[in-house]
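Dear colleague,

Please find the structure below, handed over to you for your own reading.

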Amino acid sequence: MNAWTMERRMYTLTLLSLVLSGVGGLTVNIPKKEYEYARGDNITLPCTFTLKTPPPKNPFYIISWSGEVEGIDIEPLILTYYSNLGSTDVKSQYEGRVSLDLDLDKGKANLKLNSITKKDNKEFECRVQVPGDDEGKPSDTTRLVVLVAPSTPICEIQGKAEYGKNINLTCVSEEGMPTPIYSWKSQDVRNMPRVADPRTTDKGGVLSLYNISKDASGYYICTSSNKIRSATCNITLSVMPPSMNIGSTAGIIAGAVAALIALIIVIYCCCCRKKKEEKEEFTMGAREDEYSDKQPGVVVVGGVTSHRLG
Ligand SMILES: *[C@@H]1O[C@H](CO)[C@@H](O)[C@H](O)[C@H]1NC(C)=O
Ligand SMILES: *[C@@H]1O[C@H](CO)[C@@H](O)[C@H](O)[C@H]1NC(C)=O
Ligand SMILES: *[C@@H]1O[C@H](CO)[C@@H](O)[C@H](O)[C@H]1NC(C)=O
Ligand SMILES: *[C@@H]1O[C@H](CO)[C@@H](O)[C@H](O)[C@H]1NC(C)=O
């Protein structure tokens, strides 16, 4: 549908609503409740109006557009047009980026907005004022949704690409509005599409591969897409036998040697302790013997004493 037929449709709709409602006053209309555009686009938000019938003679128009994020924008006004001066005041914040696409006879007051950013995610209002025509619907609103293409995703391998291991291939776009959806595709080493292992899962950009073998090697492509665009990243997976490299072999040998040394130390210590304990037992025993030798001695002495007393 081109802009002209759209405009005509809106016009017809407006007239129809006028007829149906039976209100003959000024009527402003924005055809859609929401418009979606990509960030960076140059866009037009349409606005049409009809005057009461019969229209005032030589009507004087004040047409304004405002855009507001509720609770954030203190000054929602974007621009104001005065028909008597034939001039448009544009707020400095929008200077050079907005203009009015105006045709008073056709009842057109579209807002043109260049290089839209995420900040333009706002509720826009088109308002028309005509002296002597203040009944009806003098304004209408619409929401602008600024979409963001997915940024080039980052593909990564999580886990060790070795036989028998479980690994994840991850894919993430930093940006994207709406949130991108990810999908993985892969080719084997001969560039043929792969018959996926039934346990393989592809969820939220994470491709999980289980008990991988040489067959899992190949080329993997992730596509990150939302309603406006898509972007891809890719990764080459080469699955290796479990590493038995020099480093790990040396590690094993070193470990074995260390264990042996530890064992020797333990054995040595045990023997020493045993000898020492034997020694200690011997000396303690000797002391006890001395004591018990003395005991009878005391008795004897006591006996002697008692003898003496007796
Ligand atoms: C938008 O308009 C500006 C000029 O105001 C132009 O430089 C730019 O290339 C346009 N962008 C697109 C996406 O058409
Ligand atoms: C792969 O992802 C799953 C789920 O997200 C997780 O449970 C698992 O630990 C991950 N495996 C590796 C090797 O990162
Ligand atoms: C992993 O795959 C190998 C063949 O590649 C198979 O012999 C083995 O049983 C599998 N292990 C598990 C836990 O499924
Ligand atoms: C794979 O990714 C690299 C960048 O990481 C890119 O240069 C190359 O074109 C990509 N290949 C395909 C087939 O998409």
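Predicted model: local features only at pLDDT ≥ 70, side-chain atom pairs only at ≥ 80, totals over all residues.

F49 and Y61 are both buried, where buried means under 20% relative accessible area, exposed over 50% and partly exposed in between, with a 1.4 Å probe and protein chains only. The count of aromatic pairs comes to one. In that pair, F49 and Y61 are tilted, at 5.6 Å centre to centre and with 55° between the planes. The rule here is that rings of Phe, Tyr and Trp (its six-membered ring) pair if their centres lie within 6.5 Å; planes under 30 degrees apart count as stacked, over 60 as edge-to-face and the rest as tilted. Because F49 lies in strand β4 and Y61 in the loop between β4 and β5 (62-68), the pair ties together parts that are twelve residues apart in sequence.

Residues are numbered from 1 along each chain as its sequence is written, chains are lettered from A and ligands numbered from 1 in the order in which they are written, and side-chain values use heavy atoms, with hydrogens and water left out.

As to the chain in general, its secondary structure comes to two helices and 19 strands. Helices (H or I, at least four residues) and strands (E, at least two) are DSSP runs, numbered from the N terminus. The chain has 310 residues, of which 28% count as buried. It exposes about 20300 Å², and carbon and sulfur atoms supply 58% of this area; accessible areas come from the Shrake-Rupley method with a 1.4 Å probe, and for residues only the protein chains shown count as cover. Among contacts (heavy atoms within 4.5 Å) between residues at least 6 apart in sequence, 59% join residues at least 24 apart.

I turn next to the disulfides. A disulfide is a covalent bond between the sulfur atoms of two cysteines; the search criterion is a pair of cysteine sulfur atoms within 2.5 Å. Across the whole structure, three disulfides are found. With the bonded cysteines of the chain numbered in sequence order, the pairing reads 1-2, 3-6, 4-5.

- C47 and C126 are joined with their sulfur atoms 1.9 Å apart. Their link is left-handed, with -75° about the S-S bond. It connects distant parts of the chain, since C47 is in the loop between β3 (43-45) and β4 (48-50) and C126 is in strand β10 (residues 123-129), 79 residues apart. C47 and C126 are both buried.

- C155 and C233 have their sulfur atoms 2.0 Å apart. The link of C155 and C233 is right-handed, with 80° about the S-S bond. Distant parts of the chain are linked here as well: C155 in strand β13 (residues 154-158) and C233 in strand β19 (residues 230-237), 78 residues apart. C155 counts as buried because its relative accessibility is 14%, and C233 is buried with a relative accessible area of 8%.

- C171 is joined to C222, S to S 2.0 Å. The link of C171 and C222 is left-handed, with -80° about the S-S bond. C171 lies in strand β14 (residues 167-172) and C222 in strand β18 (residues 218-225), so the pair ties together parts that are 51 residues apart in sequence. C171 is buried, at a relative accessible area of 2%, and C222 is buried, at 0%.

Strand β14 also holds I167. Why does I167 count as buried? I167 counts as buried because its relative accessibility is 1%. Leaving aside residues up to four places away in sequence, I167 touches I157, Q158, G159, K160, A161, L207, S208, L209, I212 and L237. The C-alpha atoms of I167 and L207 are separated by 8.3 Å, although the two residues are 40 residues apart along the chain.

Finally, the ligand. Which residues surround ligand 1? They are G40, N42 and N114, each having a heavy atom within 4 Å of the molecule. An N or O atom in the side chain of N42 is 2.3 Å from an oxygen atom of ligand 1. For N114, a polar side-chain atom lies 2.7 Å from an oxygen atom of ligand 1. Ligand 1 taken alone exposes 360 Å², of which the protein buries 31%.

With kind regards

How values were computed: Polar contact = N/O pair within 3.5 Å; in protein donor to acceptor, adjacent residues only side chain to side chain.
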